[in-house]
Amino acid sequence: LVAWGLLSEGTRREEFDRNWQDASALLESSPAGSERSGEAQARLAMVYEQALAELERQGKPTDEWEQRAIAALRASVDTFPPGPKPLTDSQVELAWRLARLLLKQSEPDFSAADALLATASQLRIISLAGQGRLTEAREIIGHLQASDPERLLDVLNGLTEVAEQVSLQHVRTIGTLQLELAQRLDQQRESLSSAQARKLDESLAQGYAALGQIPKAAAVYDKLIWQHPQDVRAIEALARLWESCETASCLRQASKQWEALERLQRKGSTEWLESRYHIAGCNDKRGNLEAARKMIGIT
């Protein structure tokens with residue numbers, strides 16, 4: 001923090017003196033991955049913008065500074081965490097400032113700018129959803145082109161991955177947005193490949209499950225299992241879904257799925273043992289203690 005304070009103060013002095021060369025050099029010296037590196041990177045983008053604006057006002061060439069700025073900011077973007085880990089506000093700001101620079105060149109790089117803005121917006125949606133800021137997340141989704149199902153699917157896949165990692169208190173919030181986006185994309189199912197449609201169904205089921213709509217989630221998983229009978233991931237998800245319900249009928253359905261999963265697993269493997277543990281647990285919760293004891297004893 002002390003180092004950042006000195007760096008920040010030094011940068012402010014150079015900015016005040018309009019010494020863009022030294023200001024940018026100071027900010028570029030900030031170690032990548034440090035606690036304040038995101039702030040330094042966003043500040044660096046602003047310094048380059050101010051330098052370029054001054055050159056334009058003076059009627060001087062900007063090409064050299066543009067190329068230097070783009071190279072430095074691209075290097076910063078390369079340090080961003082991979083998806084679905086959310087971007088910070090500073091990182092999102094840096095991404096759109098770099099995109100703006102790419103578009104202001106004498107020969108604009110439209111494809112690179114578009115990819116950068118798409119990535120930033122997708123990760124921003126995931127980040128906002130993870131914080132429970134659904135209104136802001138929906139606003140960004142609203143700007144995504146409905147005619148671009150592949151981009152919508154990328155966002156949806158990111159939400160699906162995040163939903164598997166967040167704490168329980170955020171599951172419902174993520175699930176709400178996940179389901180809304182999946183239902184929107186479901187209207188364009190005919191334009192998706194079979195692999196994309198499968199990911200969409202997984203997201204639909206997960207969204208229904210997060211909101212406690214167990215029969216709807218189960219129906220989607222049943223369809224997936226019918227299409228792919230040996231999809232152990234889908235069978236396990238359905239088994240856990242029915243087990244979470246904990247009524248007698250739900251537990252019977254859960255037992256059926258755990259038994260189906262057990263038959264697909266190698267006898268004696270960790271996965272096989274876990275399936276048998278769940279079968280015993282379902283019997284125990286239904287009050288069938290003898291069957292539970294027998295399963296444990298044999299196992």
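**Entry 1: Ile279**

I looked up Ile279 and placed it in helix H14, residues 270-285. Helices here are DSSP runs of H or I with at least four residues, strands are runs of E with at least two, and both are numbered from the N terminus. The model is predicted: local features need pLDDT of at least 70, side-chain atom pairs count only at pLDDT 80 or more, and totals for chains, interfaces and linings use all residues. Residues are numbered from 1 along each chain as its sequence is written, and side-chain values use heavy atoms, with hydrogens and water left out.

Is Ile279 buried or exposed? I found it buried, because its relative accessibility is 2%. Buried means under 20% relative accessible area, exposed means over 50%, and partly exposed lies in between, with a 1.4 Å probe and protein chains only.

Next I checked what Ile279 touches. Leaving out residues up to four places away in sequence, I listed Ser255, Trp258, Glu259, Glu262 and Met295. A contact means heavy atoms within 4.5 Å. I also looked at Lys256: it sits 23 residues from Ile279 in sequence, and their C-alpha atoms are 8.5 Å apart in space.

**Entry 2: H14 and H15**

Two packed helices are described by the angle between their axes and the distance between the axes. For H14 and helix H15 (residues 289-298), I noted an angle of about 160 degrees and axes 7 Å apart. That makes H14 roughly antiparallel to H15. Axes are lines fitted to C-alpha atoms, for helices over the stretch in contact, and angles run from 0 to 180 degrees between N-to-C directions. Under 35 degrees counts as roughly parallel, over 145 as roughly antiparallel, 65 to 115 as roughly perpendicular, and the rest as oblique.

Which residues of H14 meet H15? I found Arg276, Ile279, Ala280, Asn283 and Asp284 in H14. Their partners in H15 are Leu289, Ala291, Ala292, Met295, Ile296 and Ile298. By class, this contact has eight nonpolar, one polar and two charged residues. Ala, Val, Leu, Ile, Met, Phe, Trp, Tyr, Cys and Pro count as nonpolar, Asp, Glu, Lys and Arg as charged, and the others, Gly among them, as polar.

**Entry 3: H11 and H12**

I then turned to helix H11 (residues 214-227) and helix H12 (residues 232-245). Their axes come within 9 Å and cross at roughly 160 degrees. H11 and H12 are therefore roughly antiparallel to each other.

**Entry 4: The whole protein**

I counted 15 helices and zero strands. Of the 299 residues, 46% count as buried.
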